[in-house]
Amino acid sequence: MSGRKTTLLLSGTALAALVLACAAAQAQQMPPGNLRTGTPTYVAQQPAAPQPALTPATAEPEAVRDPAGMIQRQDSAVSGRQPPRASQPIQAPALRGVTQRQFRPPQPAVTVLPPAPPPAPPPRRRPASEEDPYAALGIRIGSITLRPAITNSIGYDTNPQRTSAPGAKGSAYSRHEGELAIQSDWNVHELKGQLRGGYLEFFRAKDASRPDAEGNLDLRLDATRDTRILLESRLRLDTQRPGSPDLTANVTGRPQIYQYGASAGVTHDINRLQLTLRGSVDRSDYEDARLSNGAMLSQKDRNQTQYGLRLRAAYEVTPGFKPFVQAEIDQRDFDEKTDSSGYMRSSNGVSGRVGSTFEISRQLTGEVSGGYQDRKYDDTRLKNLRGFVGDAAILWTPTPLTTVTLRGAAELGDTTIAGSSGTTVRRATLEVAHALRRNLTVTGFTNFSRTEYDGQGLREDYTNVGARLEYKLTRTFAVRASFTHERLNSTAQGSDYTANVSLVGLRVQF
């Protein structure tokens, strides 16, 4: 054997002997079972008295059956000795380790808020009243809406001249009428108005043909929240009947009367108190009348201008009840100092009224006022004209299909009858309209007026009663028909008359 091989053999033998000697020395120091006793210091939770050595691991350790049982039943498993070899496991490899999570107390149950309930449905709103499907749409120009309309009709009148002659002949006639309504749509201020004009043409009684018209245009300017400026204009065209007491001669035709005027005022609110100051100017012009012999009867002595100033104070007790008091002064100036009978007709008047506007449950609305007026004339031969004056306008809607309108007025007027200071006029009108269908409305009406001439014992009672029918085909076209019975009873000889008037026509509105 070579020397190299001998050296390697001796080295291996010595190494093996050294390993065996170390193993024998370690076996003498360790107890039977080859398990370490005690618990490492890094596992200890608190110091405690020494405990007996742990038993060897079994096939199914207790830590597997109940991992927390060892800790719950033992006060402590702490050993102060450092094990010889801390790197080796303290239990058999088959035993599962106990983690820190198993020793933590259970997490408290977190109360979860219940899900938010769904939002409540919005309250049901009362459906708004549906727009009239047959109402005119109008023509919009900027922020102003115009509603024009034209009506052409034909009819028959049994007494065109309104005479008391028993042999009065009737006549067919045609009527042409035009209307224009104006309404603004502004955030502040307001402009509104209504204009209507027509012409009545008789086919057999040409002298009875006559025009008529009326209208107004109002402008409200909102200067401040509590102050408003009111501007108004008005006009009216009417005719005189041949048998009127103011026409002393036998007149043919229908002399025309032109009345027009304007007013300006201001309204100011002080909490619930409302004050209104208004000044007005009105003009009346009378056309000369043509006599039966062809001569002309001048009526320039009846032309006049009236100036007025009115102060009104209203207090809103409730939103639907506003009583007021009103005082007014006026002056009437005639163009001619004396009339055809030699009387000076210019006069000054003073009047006072009390009244109220009201609204009850939106079914009954209106305004009622009454007072007293005293008028003094320039001519001392004419005594003062005194009497009750007032106005009433009431609108009652008992059902959505029925409307009742009541109007009344009492006023003092002028006359040219010699020795008479003036007239006392009382008027009342009642209308009942009922909608049989949404596009079919029937209206019944009646009117009564009494005119008394002061100092003459002359009285005239005028009555009419009739019915109207309106059938709306579309928003643009409507058919209208009416019948009216008129009667005049007068204390003057030969002034009574009766007349029956029928009419049917087509209305075109935009």
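Reply: Let's start with two terms: strands (E, at least two residues) and helices (H or I, at least four) are DSSP runs, numbered from the N terminus, and two strands pair if DSSP finds at least two bridges between them. This is a predicted model, where local features need pLDDT of at least 70, side-chain atom pairs count only at pLDDT 80 or more, and totals for chains, interfaces and linings use all residues. Residues are numbered from 1 along each chain as its sequence is written, and side-chain values use heavy atoms, with hydrogens and water left out.

Now for the strands. S16 (residues 385-399) and S17 (residues 402-413) run antiparallel and are joined by 8 bridges. They make a hairpin, with 2 residues between them. Look for threonine 399, whose bridge partner in S17 is threonine 402. On we go to S18 (residues 423-437), which pairs with S17 over 12 bridges, again in the antiparallel sense. Here glutamate 411 has valine 425 in S18 as its bridge partner. What holds such strands together? Strands of a sheet pair through backbone hydrogen bonds, either parallel or antiparallel.

Elsewhere there's an open sheet of 3 strands, in the order S7-S10-S11, with antiparallel pairing. Its edge strands, S7 (251-252) and S11 (296-297), each pair on one side only. S10 (residues 289-291) is linked to S11 by 2 bridges, and arginine 290 has methionine 296 in S11 as its bridge partner.

Next, the loops. Most residues other than glycine have a negative phi. Arginine 162 isn't a glycine, yet its phi is positive, about 55 degrees. You'll find arginine 162 in the loop between S2 (144-157) and S3 (171-184). Serine 361, in the loop between S14 (347-360) and S15 (364-377), also has a positive phi, near 55 degrees. Are these two buried or exposed? Buried means under 20% relative accessible area, exposed over 50%, and partly exposed in between (1.4 Å probe, protein chains only). Arginine 162 is buried, at 7%, whereas serine 361 is exposed, at 63%.

Last, a word on confidence. pLDDT is the predictor's confidence in each residue, from 0 to 100; the protein chain has a mean of 83, with 76% of its residues at 70 or more. Over residues 29-36 pLDDT stays under 50, and the model has 8 contacts (heavy atoms within 4.5 Å) for them beyond four places in sequence. Residues 52-59 are also below 50, and that stretch has 3 contacts beyond near neighbours in sequence.
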